[in-house]
Amino acid sequence: MTADALAPYVPRPTPGIAAATTDLSKVHGRGDTRVVALDRVSVAFREGEFTAIMGPSGCGKSTLLHCAAGLDTPTSGSVRVGTTELGTLDDRRLTQLRRDRIGFVFQAFNLLPTLTALENITLPLSIAGRRPDRQWLDRVVSMVGLSQRLDHRPAQLSGGQQQRVAVARALVSRPAVVFADEPTGNLDSRAGAEVLGFLRDSVRDLGQTVVMVTHDPVAAGFADRVVFLADGRLVDEMTRPTPDRVMDLMLRTSGDGAARTG
Ligand SMILES: Nc1ncnc2c1ncn2[C@@H]1O[C@H](COP(=O)(O)OP(=O)(O)O)[C@@H](O)[C@H]1O
Ligand SMILES: [Mg+2]
């Protein structure tokens with residue numbers, strides 16, 4: 001198993017593209033229940049950048065994240081992580097790529113209740129038969145402020161602390177990209193701001209690439225760039241967002257949406 005793992009990801013000196021989609025479309029269901037969740041979305045996520053994906057409920061944000069992370073299969077179009085086209089991989093290689101190149105943070109934390117915080121954090125490595133890089137692990141654990149809580153089980157931790165465990169778990173394999181789907185959706189604003197701060201620190205201090213879905217303009221304000229989806233299409237983008245500017249654009253795009261469907 002160990003021999004099969006991909007070599008550790010090393011970002012290039014000149015930042016490239018960590019992940020990208022080209023003309024990505026996804027249709028869920030068929031017949032009467034057919035839904036076009038994504039309609040030819042082409043978007044690139046640069047290395048060392050924190051991107052937020054925003055848009056109204058049901059516009060395809062989770063579908064985009066799942067396809068980009070190799071958790072869902074496109075109907076057409078392509079996805080690449082680094083220089084690897086996901087469509088060219090068989091199931092075994094795709095599993096490997098997800099394990100070694102991608103970190104995922106879910107809204108619902110998704111920790112294993114019987115494992116300690118440390119065991120949860122190192123689980124992806126244990127599954128891969130890899131030993132944690134002790135220095136990196138210490139750095140990640142101290143960055144998210146969990147050094148004193150490593151032997152606690154999820155039930156003994158607050159929601160914010162559980163999500164910090166999930167963030168550390170996503171970072172521990174030094175993935176090419178961390179995808180986070182509404183990571184603060186189950187947290188109060190203070191715990192949410194902490195988790196967002198850690199995601200931003202992972203970009204600033206560790207050079208991580210992060211792509212996060214959110215519907216919260218304050219959360220988007222932590223990102224370097226925001227891309228806006230509506231009805232499965234990329235409709236706008238903003239660099240160096242502030243909550244006010246994001247809010248403004250959201251109001252305008254939702255107005256457009258209403259005009260289009262009306
Ligand atoms: N597994 C699925 N089966 C059928 N329809 C789905 C499935 N997942 C998502 N959809 C539909 O696809 C559209 C986009 O969903 P989603 O990506 O979850 O949106 P968002 O995350 O922006 O709220 C919605 O209309 C949703 O109902
Ligand atoms: Mg969603």
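Biologist: Which strands does helix H5 lie across?
Modeller: Helix H5, residues 159–171, lies across S6 and S7, and runs at about 170° to S6. Contact here means heavy atoms within 4.5 Å; axes are lines fitted to C-alpha atoms, for helices over the stretch in contact, with angles from 0 to 180 degrees between N-to-C directions. Helices (H or I, at least four residues) and strands (E, at least two) are DSSP runs numbered from the N terminus. This is a predicted model, in which local features need pLDDT of at least 70 and side-chain atom pairs count only at pLDDT 80 or more, while totals for chains, interfaces and linings use all residues. Residues are numbered from 1 along each chain as its sequence is written, chains are lettered from A and ligands numbered from 1 in the order in which they are written, and side-chain values use heavy atoms, without hydrogens and water.

Biologist: And what is the strand order of the open sheet of 6 strands?
Modeller: The order is S6-S7-S8-S3-S9-S10, and the pairing is mixed; two strands pair if DSSP finds at least two bridges between them. Strand S6 (102–105) and strand S10 (233–239) are at the edges with a single partner strand each, so one side of each has no neighbour in the sheet. On average, neighbouring strands of this sheet are turned by 20° against each other, direction ignored.

Biologist: How many bridges join S7 to S8, and are they parallel or antiparallel?
Modeller: There are 4 bridges between S7 (residues 177–181) and S8 (residues 210–213), and the two strands run parallel. Within that pair, Val 178 is opposite Val 210 of S8. Helix H6 (residues 189–204) lies across S8 and strand S3 (50–54), at about 155° to S8.

Biologist: Turning to the other sheet, which strands form it?
Modeller: It is an open, antiparallel sheet of 4 strands in the order S2-S1-S4-S5. S2 and strand S5 (84–85) are its edge strands, each pairing on one side only. S1 (residues 17–28) is joined to S4 (residues 76–81) by 5 bridges, and Thr 22 has Ser 78 in S4 as its bridge partner. H1 lies across S1, S2 and S4, at about 125° to S1.

Biologist: Which side chains have an N or O atom at 3.3 Å or 2.5 Å from ligand 1?
Modeller: His 28 lies 3.3 Å from a nitrogen atom of the ligand, and Thr 63 lies 2.5 Å from an oxygen atom of ligand 1. Taken alone, ligand 1 exposes 560 Å², of which the protein buries 57%, by the Shrake-Rupley method with a 1.4 Å probe.

Terms used: Polar contact = N/O pair within 3.5 Å; in protein donor to acceptor, adjacent residues only side chain to side chain.
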